Amino acid sequence: MGMLFVAGAIFPDKNPRRARICVHRSHGQAGGFLARRQVEMSLRSTFDDSISISGKVPSSRSHLAEFMISNPEAVITACWSENLIQKLGNGVYRTSLPPLQFLQFKINASVDVRAQYDESIDGIRLVSLSSLVEVPHLGLNEDTFNMKLNGHLSPIEKGQRTHFDGSADLEISLDLPPLLRLMPRAAINAAGAQVINGVLRSMRSNLIRNFTSAYRSWLQAKEQGDTLNSKKPQGRT
């Protein structure tokens with residue numbers, strides 16, 4: 001709980017996230033002199049942004065929809081390298097992010113995500129469940145750091161071409177450790193925006209490239225299987 005100082009008296013501040021300092025001083029001279037200073041500092045910082053995702057793929061929309069229905073986890077394996085993914089079960093994956101550079105500190109973070117086919121959007125929905133963090137020397141933990149990652153991807157047709165379209169939303173909130181509370185807010189906001197932007201752009205690049213590759217491999221195997229099945233002799237009736 002913050003404290004309010006007024007003319008030597010101390011009162012509790014109703015907002016636990018803010019610390020207010022008010023000084024009221026009289027010099028006892030004619031006309032008097034009043035100096036008052038108020039400083040407010042929020043201990044919690046939140047950074048968020050979103051990015052659109054779009055990619056062209058061969059074949060029809062129905063084939064792409066079939067791939068999404070049978071392989072929703074392809075979104076996860078496309079966004080992160082295999083060595084950064086741990087399968088936890090029940091469709092949940094723990095994904096580790098490359099070290100995030102926040103000002104002069106490196107943040108090691110991971111987020112547990114689940115990807116499922118969602119009929120309401122006729123596509124794959126990605127939802128984060130929890131996050132873990134390790135920041136040497138800053139003392140951040142799961143109580144003072146939180147990451148939310150959500151997104152969706154759907155098959156659509158644009159003219160004669162098939163696309164997957166969607167977006168990804170990332171939010172990082174953290175309680176600023178004492179070491180950073182005196183830094184200019186503009187510098188903190190710029191550093192947070194840089195982290196968010198870097199993560200989202202990397203995810204989009206990986207997703208477009210790897211998701212397209214996974215779909216092409218699936219489509220090729222499907223077409224080969226369909227060809228073999230069509231060449232099998234029909235059973236006698």
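This tour moves through the structure from one selection to the next and states what is found at each stop.

The model is a predicted one, in which local features need pLDDT of at least 70 and side-chain atom pairs count only at pLDDT 80 or more, while totals for chains, interfaces and linings use all residues. Residues are numbered from 1 along each chain as its sequence is written, and side-chain values use heavy atoms, with hydrogens and water left out.

**Stop 1: helix α1**

Select residues 61-70, which make up helix α1. Helices (H or I, at least four residues) and strands (E, at least two) are DSSP runs, numbered from the N terminus. Within α1, the residues Leu64, Ala65, Phe67 and Met68 are buried. Here buried means under 20% relative accessible area, exposed means over 50%, and partly exposed lies in between (1.4 Å probe, protein chains only). Why do these residues lie on the same side of α1? They cover an arc of only 160° around the axis; the arc is that of the directions from the helix axis to the C-beta atoms.

**Stop 2: the aromatic rings**

Rings of Phe, Tyr and Trp (its six-membered ring) pair if their centres lie within 6.5 Å; planes under 30 degrees apart count as stacked, over 60 as edge-to-face and the rest as tilted.

With Trp218, Tyr215 forms a stacked pair, 5.9 Å centre to centre and 25° between the planes. Because Tyr215 and Trp218 are three residues apart in helix α3, about one helical turn separates them. An α-helix has 3.6 residues a turn, so residues three or four places apart point the same way. Tyr215 is buried, as is Trp218.

The structure holds six aromatic pairs.

**Stop 3: Arg201**

Remain on helix α3 (residues 185-231) and select Arg201. Is Arg201 buried or partly exposed? Arg201 is partly exposed, with a relative accessible area of 47%.

**Stop 4: Pro177**

Select Pro177 in the loop between β12 (161-175) and α3. Its relative accessible area is 7%, so Pro177 is buried. Arg44 is 133 residues from Pro177 along the chain, and 9.4 Å separates their C-alpha atoms.

**Stop 5: Ser131**

Move to strand β10 (residues 123-134), where Ser131 is placed. Ser131 counts as buried at 7% relative accessibility. A polar atom of the Ser131 side chain lies 3.1 Å from the backbone nitrogen of Met147.

**Stop 6: two residues with positive phi**

Most residues other than glycine have a negative phi, and most peptide bonds are trans. Select Leu103, in the loop between β8 (100-102) and β9 (105-118). Phi of Leu103 is near 55°, a positive value in a residue other than glycine. Leu103 is partly exposed, at 24% relative accessible area.

Finally, select Asp122, in the loop between β9 and β10. Phi of Asp122 is near 50°, a positive value, and Asp122 is partly exposed, with a relative accessible area of 26%.

Note on methods
A polar contact is a pair of N or O atoms within 3.5 Å; within protein, one must be able to donate a hydrogen and the other to accept it, and residues adjacent in sequence count only if both atoms are side-chain atoms.
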